[in-house]
Amino acid sequence: MNQAAPAEATKNLTRGLPSSGISGRAALKASLTAAALAAGGAVFFYAFWLVSRFEPLPPSGSAPTARLSREIASAEEKLKTDPENIELLTRAGELHFRAGPADYATAINELEEARDLGSLNPSIFYELGVMYQSEGLYPFALKEYDRYLRHFPHAADVAMRKAKLLFEAGRYEEASDEYADLLRDRPTDAMLKENLALSLWRAKKTDEAKQILSQLQDESRGHPEFARAEYFLGQMALEAKDYSGAEAAFENCRAAGGVPGPGVGPADLSRGLAKAYQGLKKYRDAVEQWKLVLASEPKDREAALAIRRYGRYLSRPERRQGRKKIHG
């Protein structure tokens with residue numbers, strides 16, 4: 001990949017944005033999209049949401065407080081007379097960052113400008129990383145998080161952000177390495193174990209993933225993590241066409257109360273059970289589960305087709321049995 005293209009695209013975000021009929025924020029958004037394409041195309045979306053303990057982002061759509069608005073206005077006024085003041089640019093960028101996603105375009109401009117002028121403030125790396133992540137520009141976000149971690153190698157929240165973005169980018173081997181490093185410092189963290197297992201699974205290291213999830217099962221009986229471990233073990237079994245193993249895992253998950261937490265939709269457990277039952281030719285049970293899927297997601301085409309197909313299949317013996325009674 002041409003490394004010069006993303007670098008140039010990023011540089012262009014900080015100055016010279018077009019002003020013909022569109023706001024600076026809209027122009028930046030267009031530039032961000034172009035930069036994403038230059039960096040390697042559309043963002044890779046993953047099969048399961050990876051749970052990570054991140055510092056909360058500023059709430060989307062929330063208006064800045066009156067005090068923050070006054071501080072922003074003051075910083076902007078000072079910048080009019082001293083536009084290349086590094087400290088002022090950094091301060092203004094941090095304030096716009098704190099104001100939330102609606103101000104990210106301005107914040108990126110100011111912080112990138114401050115860095116170009118020589119700012120050595122490492123908080124810039126974190127804030128730019130968060131904002132690039134928010135815009136879906138994962139390669140740029142990863143670069144900023146790496147810069148921040150060189151200053152603060154034990155910043156676990158930033159390391160977790162990096163691991164999650166690596167997973168989202170399809171860089172599963174690297175994501176698993178990051179989670180393994182984090183787990184060495186927090187060996188009892190169930191969430192890290194789950195994330196490591198999912199990364200290993202997507203990296204085609206299924207045996208290692210199963211081993212971690214099995215350990216998580218033993219350690220978390222009676223807790224929500226147990227049901228999640230069972231669910232993902234069921235998915236792995238389903239992928240391997242081990243329908244008996246999938247059925248057992250999904251049934252254990254259901255008995256434990258289902259799959260709590262993000263990353264698994266309300267219909268996903270029923271979908272997994274339906275596919276396991278189909279593989280075992282338990283079509284009546286499969287149809288019942290597909291009906292639950294359809295009740296939760298009325299537009300689910302896979303569920304509707306399965307109900308139609310197996311519903312017809314199940315009705316045939318009953319019709320034949322009825323004929324025998326009539327003519328017997």
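**Entry 1: H4 and H6**

I opened this predicted model at the place where H4 passes H6, and I noted a left-handed crossing. H4 covers residues 86-99 and H6 covers residues 123-134. I looked up how they pack: the angle is about 35°, and the axes are 11 Å apart.

Next I wanted the residues that meet here. From H4 I wrote down Thr-90, Glu-94 and Phe-97. Across from them, H6 brings Ser-123, Ile-124, Tyr-126, Glu-127, Val-130 and Met-131. I sorted this contact of H4 with H6 by class and got five nonpolar, two polar and two charged residues.

**Entry 2: the whole chain**

I stepped back to look at the chain. It has 16 helices and zero strands. There are 328 residues, and buried ones make up 45% of them. I also checked contacts between residues at least 6 apart in sequence: 56% of these join residues at least 24 apart.

Then I went to the largest nonpolar core, which has 86 residues. Which members touch the most others? I found Met-131, Leu-213, Tyr-231, Phe-250 and Trp-290. Met-131 was already in my notes, as one of the H6 residues in the contact with H4.

**Entry 3: H11 and H12**

H11 is residues 206-219 and H12 is residues 224-239. Their axes come within 9 Å and cross at roughly 155°.

Roughly parallel or roughly antiparallel? An angle over 145 degrees counts as roughly antiparallel, so that is how H11 and H12 run relative to each other. I put this one down as a left-handed crossing too, with H11 passing H12.

By class, the contact of H11 with H12 splits into eight nonpolar, three polar and three charged residues.

**Entry 4: Trp-290 and Ala-306**

Back to Trp-290 from the core list. I skipped residues up to four places away in sequence and looked up what Trp-290 touches. I got Arg-271, Ala-274, Lys-275, Gln-278, Glu-302, Ala-303, Ala-306 and Ile-307.

I followed Ala-306 into helix H16, residues 301-327. Is Ala-306 buried or exposed? The cut-off for buried is under 20% relative accessible area, and Ala-306 is at 8%, so it counts as buried. Leaving out neighbours within four places in sequence, I found Ala-306 in contact with Gln-278, Trp-290 and Gly-311. I also checked Ala-306 against Lys-275: they are 31 residues apart along the chain, and their C-alpha atoms are separated by 9.8 Å.

**Entry 5: Leu-292**

I looked for Leu-292 and found it in helix H15, residues 283-296. Its relative accessible area is 47%, so I wrote it down as partly exposed. From Leu-292 to Leu-269 I counted 23 residues in sequence, and 9.8 Å in space from C-alpha to C-alpha.

Where does Lys-241 sit? I found it in the loop between H12 and helix H13 (243-255). With a relative accessible area of 62%, Lys-241 is exposed.

Lys-281 is in the loop between helix H14 (268-279) and H15. Its phi is positive as well, near 65°, and this residue is not a glycine. I noted Lys-281 as exposed, at 60% relative accessible area.

Conventions
Residues are numbered from 1 along each chain as its sequence is written. This is a predicted model: local features need pLDDT of at least 70, side-chain atom pairs count only at pLDDT 80 or more; totals for chains, interfaces and linings use all residues. Side-chain values use heavy atoms; hydrogens and water are left out. A nonpolar core is a set of buried Ala, Val, Leu, Ile, Met, Phe, Trp, Tyr and Cys residues joined through side-chain atoms within 4.5 Å. Buried means under 20% relative accessible area, exposed over 50%, partly exposed in between (1.4 Å probe, protein chains only). Contact means heavy atoms within 4.5 Å. Axes are lines fitted to C-alpha atoms, for helices over the stretch in contact, and angles run from 0 to 180 degrees between N-to-C directions. Helices (H or I, at least four residues) and strands (E, at least two) are DSSP runs, numbered from the N terminus. Angles under 35 degrees count as roughly parallel, over 145 as roughly antiparallel, 65 to 115 as roughly perpendicular and the rest as oblique. A crossing is left-handed if the near helix is turned anticlockwise from the far one by less than a right angle, and right-handed if clockwise. Ala, Val, Leu, Ile, Met, Phe, Trp, Tyr, Cys and Pro count as nonpolar, Asp, Glu, Lys and Arg as charged, and the others, Gly among them, as polar.
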